Amino acid sequence: MLQFINVSKRYSDSGEVLSDICFRLEKGEMAFLTGHSGAGKSTLLKLIPVIERPNRGQILFDGRPINRISKREVPYLRRKLGLIFQDYRLLHDRTVFDNVALPLLIAGYSEQEMARRVRAALDKVGLLRKEKRYPLALSGGEQQRVGIARAIVHKPPMILADEPTGNLDPGLSAEIMDLFKEFNQVGVTLLIASHDLDLISRLGRRTLRLQQGKLIEGG
Amino acid sequence: MPISRLKRKPERRRETNAFHTRRTIRPASRLQPYVDLHVGTLKSSFIRLRRTPLASIMTVLVIAIALTIPASFHVFIKNARQASSTLEATNQVSLFLKPELANETGGKVAERLKKHPQIAAAELITKEAGLQELRTFSGFGDALRALDFNPLPAVVSIKPKDSLTHPDDVEKLLAELRALPETDFVQLDTQWMHKLHSILTIAQRSVVVFSVLLSLGVLFIVGNTIRLELQNRREEIVVAKLIGATDRFIRRPFLYAGFWYGFLGGSLAWLLVSFFLLFLRSPSRQLAELYGSPYTLSFLSLSETELLIGASVLLGIVGAWIVVSYHLRELDPT
């Protein structure tokens, strides 16, 4: 599904953030990406939806080298991914329904199909009753669940989550992880960046550990 | 067949598993989501405009004013041109009889001139009729009433035949008329027409210059409004990009906003020009009567209206396009 081959990324102001990263994620795998803050977790995740491009090396997604795709192709690549953020990144002037519908709107779904899928996604995260609310009227855990619904509504083969539970208490974090496990059971590939080592160890999944830009474990 | 297909559930999916499906869209229904999207964007961009009524109204107003100036100037010149051409068609010659001659002599002169081969019509304006006209239209009514005699001569108003166009021929006819014993003097009303025409031509050129400059102004107004809107929706754009929105998708609502600004501004400009003309209608009618012309003020024609609103819409869309394309790169997620 995803393969990093000798990938390096350097920024002119902070030097090499990722050096010589090699790993392979199989279809249907669920893996964690961990390490101290500044170890390069976020940068690594940004390379996959081409928010950043590597300076060296190759990244294969579904067998295609995505480090070289043109700017025009980037949106279509991103539609195959579900992105989940620590700060949720919801649009506060739109209802929960409209937030979740955004990926479908972008992909040009018909209205009926959109409504059907949005409700299915909201049902999955247990927020069907709150579709008419605005994000700020929801708790942090609920907001993140809206973010998750938005990431899965278009049924991407892979989900990338950057510290999805970073702002949540342990109880809510566990709920979110349960959701991820459910998605994984139906075949979705997941890569979750987190520094919550307790949570990670309890799940007992593969863990990629970054330290100062190098992959020191799980590669 | 196509209609029943459109009405059917727009797509049929083949599920490989609960989270990974391939969409197979039938060709006949492929257009429907696209149409939905555009109609939806048209509506939502208008709703967005209404959400900030003051800012939107100001933008529309500024566009309208910027377009009203060249448009009304154009209509003004168009009317002046049409008015002068109806007058020119009459190519009027006024033959003023010697003041001591009576109306009857004038009548005989008129009758005689009607038979002239180069004259189409000759009509006597009696001393009394002349005075009446002067009283009604000159504004000197009271002053004229104070006179105890009529100082005006009888006038024969002559319309030469249409075939008489060459200046030399006209001059020959004038010389002939001047030589008549009853003539005091002869006046041809075309000289100032030529001058007027050159002035109108200059004015028309300046309308073109004005239009270009003010169109640029409209472009900047729309551009600036859209730029502010872009800034307000920064977060939304970044999120949309992350989720896989193409530049085209992001640009679309702004282009529609530009469309609305242009359309509303152009329509308002049309209204303003029409009000301006209504305001001028009654004085211009008086002016036309003064010249004995059947001329009535003409408003913006259908094609001019289309041009005004069409150009305004185009400027709105182009202004939005330039700004969005320019700023879209800055809004890449980091």
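**Exercise 1.** Determine how helix H3 and helix H4 of chain A are placed relative to each other.

*Solution.* Step 1: the axes of H3(A), residues 96–107, and H4(A), residues 111–124, come within 9 Å and cross at roughly 125°. Axes are lines fitted to C-alpha atoms over the stretch in contact, with angles from 0 to 180 degrees between N-to-C directions. Helices (H or I, at least four residues) and strands (E, at least two) are DSSP runs numbered from the N terminus.

Step 2: H3(A) is therefore oblique to H4(A). Oblique is what remains after under 35 degrees (roughly parallel), over 145 (roughly antiparallel) and 65 to 115 (roughly perpendicular).

Step 3: H3(A) contributes Phe97(A), Val100(A), Ala101(A), Leu104(A) and Leu105(A) to the contact, and H4(A) contributes Met114(A), Arg117(A), Val118(A), Ala121(A) and Leu122(A). Contact requires C-beta atoms, placed from the backbone, within 7 Å.

The model is predicted: local features need pLDDT of at least 70, side-chain atom pairs count only at pLDDT 80 or more, and totals for chains, interfaces and linings use all residues. Residues are numbered from 1 along each chain as its sequence is written, while chains are lettered from A and ligands numbered from 1 in the order written.

**Exercise 2.** Describe the side of chain B that touches chain A.

*Solution.* Step 1: 24 residues of chain B are in contact with 25 residues of chain A.

Step 2: on chain B, strands E1 (11–17) and E2 (20–25) and helices H2 (27–51) and H9 (234–243) each supply at least two residues. The largest share, 6 residues, comes from H9(B).

**Exercise 3.** State how far apart the domains of chain B lie.

*Solution.* Step 1: an automatic or database domain assignment supplies the bounds, giving domain 1 (38–86 + 194–330) and domain 2 (92–187) of chain B.

Step 2: the C-alpha centres of domain 1 and domain 2 of chain B are 49 Å apart.

Note on methods: Contact = placed C-beta atoms within 7 Å.
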